[in-house]
Amino acid sequence: MFSYRHAFHAGNHADVLKHLTLLAALQHLQHKEGGLLLVDTHAGAGQYRLDHDAARISGEAAWGIAALAAAPAPPPPLARTYLEAVAAFNPDGGLRHYPGSPALLATRLRPQDRLALFEWHPTDGRLLDRAVRAWLQREPRPAITLRRDDGFAGLRALLPPPTRRALVLIDPSYELKRDYATVVACVGEALHRFAQGCYLVWYPLVGREQAHALPKRLRALAVHHGRAWLQAELNVGTPADAAAKAAAARGRAIGTLRASGVFVINPPYTLAEQLRETLPWVLGALRRGPAAAWKVDAGEARP
Ligand code: SAM
């Protein structure tokens, strides 16, 4: 049984990097009229309360979305888009709610798009089911499907999409060591079925060989298929303050993950520039100590 619950991590620096990138990719793809298949293979609970138990215990959002929302204005355009997306879930002006990737995608669906969500955890699957029903009640969007099943396997059946346009978020918890290899196999098969899709993989930068090998293996896949790729990483550094160090030492989630990355295959051509403009500002707000850094690398498609 899985024990990972995204509620402890909602709105942390890793979510900031992932959701900025997701919104940028979606915004770009929606410039064209053609219907998009949006897939979230590891959806989580959909949306989160930042003032409730899990998020309050971990305190991670304080060093993510909360720090960003309090950063000196003006934010670069992509950061503004992201902050506005979060603000839309907090109509009273506070920061009590955080939209997960399903909420960000569902609220941007056009009539011609469809969204497929997968969530395996029984509790988060139930919460996501409830959230989806609430979104549908507020505004009928019949094109959302939720399967409380394995997202790696589920993606296969959806490709290629009839409209030949897709944005796929692959965002496992990497609770299982084998997830690293499964991501590579999943993306390899997805490219084989539909090489034109935009695939966005989030990964943690932790002291595990598989974690460091993952972006290299994804780059090798992109190059093998002649596809453009982009890799962005954000390291918020080591906390300098004693309270955060003590919390980390007690094994609480706060501050234990310092860095993460996103690897995008077939990124929008504007994405690298957008992230290079945005991440310095983001890091200025989220920096916790020495070793804080960001990077964006990209490679072009080759026939
Ligand atoms: N994508 C979400 C977001 O950005 O808001 C966060 C997802 S969280 C990092 C990963 C989720 O994947 C967890 O809720 C976990 O229960 C779920 N999960 C783990 N293995 C899965 C699998 N094989 N298929 C579908 N969901 C899975």
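Let's start with a pair of charged residues: Asp51 and Arg49 form a salt bridge, with their closest N and O atoms 2.9 Å apart. The model you are looking at is predicted, and a search of the whole structure finds 11 salt bridges.

**The Asp51 and Arg49 neighbourhood**
- Asp51 counts as partly exposed, at 26% relative accessibility, and Arg49 is partly exposed as well, at 30%.
- The pair belongs to a network of salt bridges that links Arg49, Asp51, Asp92 and Arg96.
- Asp51 is also touched by Arg56, which contacts Leu50 too, leaving aside residues up to four places away in sequence.
- Arg56 sits in helix H2, which covers residues 53-58.
- With a relative accessible area of 54%, Arg56 is exposed, since the cut-off for exposed is over 50%.
- From the C-alpha atom of Arg56 to that of Arg208 is 28 Å, and the two residues are 152 apart along the chain.

**The chain as a whole**
- The chain contains 11 helices and 10 strands.
- Its radius of gyration is 18 Å, close to the 19 Å from the globule rule for 303 residues, so the chain is as compact as a globular protein of that length.
- Along the principal axes, the C-alpha atoms fill a box of roughly 55 × 45 × 45 Å.
- Of the 303 residues, 55% count as buried.
- Take the contacts between residues at least 6 apart in sequence: 82% of them join residues at least 24 apart.
- The chain exposes about 13,400 Å², and carbon and sulfur atoms supply 55% of that area.
- There are 37 positive and 26 negative side chains, and the centres of these two sets lie 2 Å apart.

**Salt bridges within helices**
- Lys18 and Asp15 form a salt bridge, with the closest N and O atoms 2.9 Å apart.
- These two are three residues apart in helix H1 (residues 13-29), so about one helical turn separates them.
- Lys18 is buried at 3% relative accessibility, and Asp15 is buried at 1%.
- In helix H8 (residues 179-193), Arg193 and Glu189 are four residues apart, about one turn of the helix.
- Their salt bridge has its closest N and O atoms 3.4 Å apart.
- Arg193 is partly exposed at 36% relative accessibility, and Glu189 is partly exposed at 29%.

**A buried strand residue**
- Val39 lies in strand E1, residues 37-40, and is buried, with 0% relative accessibility.
- Leaving aside residues up to four places away in sequence, Val39 touches several others, including Ala116, Phe118 and Leu155.

Notes. Residues are numbered from 1 along each chain as its sequence is written. This is a predicted model: local features need pLDDT of at least 70, side-chain atom pairs count only at pLDDT 80 or more; totals for chains, interfaces and linings use all residues. Side-chain values use heavy atoms; hydrogens and water are left out. The radius of gyration is taken over C-alpha atoms; the globule rule is 2.2 Å times the number of residues to the power 0.38. Buried means under 20% relative accessible area, exposed over 50%, partly exposed in between (1.4 Å probe, protein chains only). Contact means heavy atoms within 4.5 Å. Accessible areas come from the Shrake-Rupley method with a 1.4 Å probe; for residues, only the protein chains shown count as cover. Lys and Arg count as positive and Asp and Glu as negative; His and the chain ends are not counted. The place of a charge is taken as NZ of Lys, CZ of Arg, CG of Asp or CD of Glu. A salt bridge is a side-chain nitrogen of Lys or Arg within 4 Å of a carboxyl oxygen of Asp or Glu.
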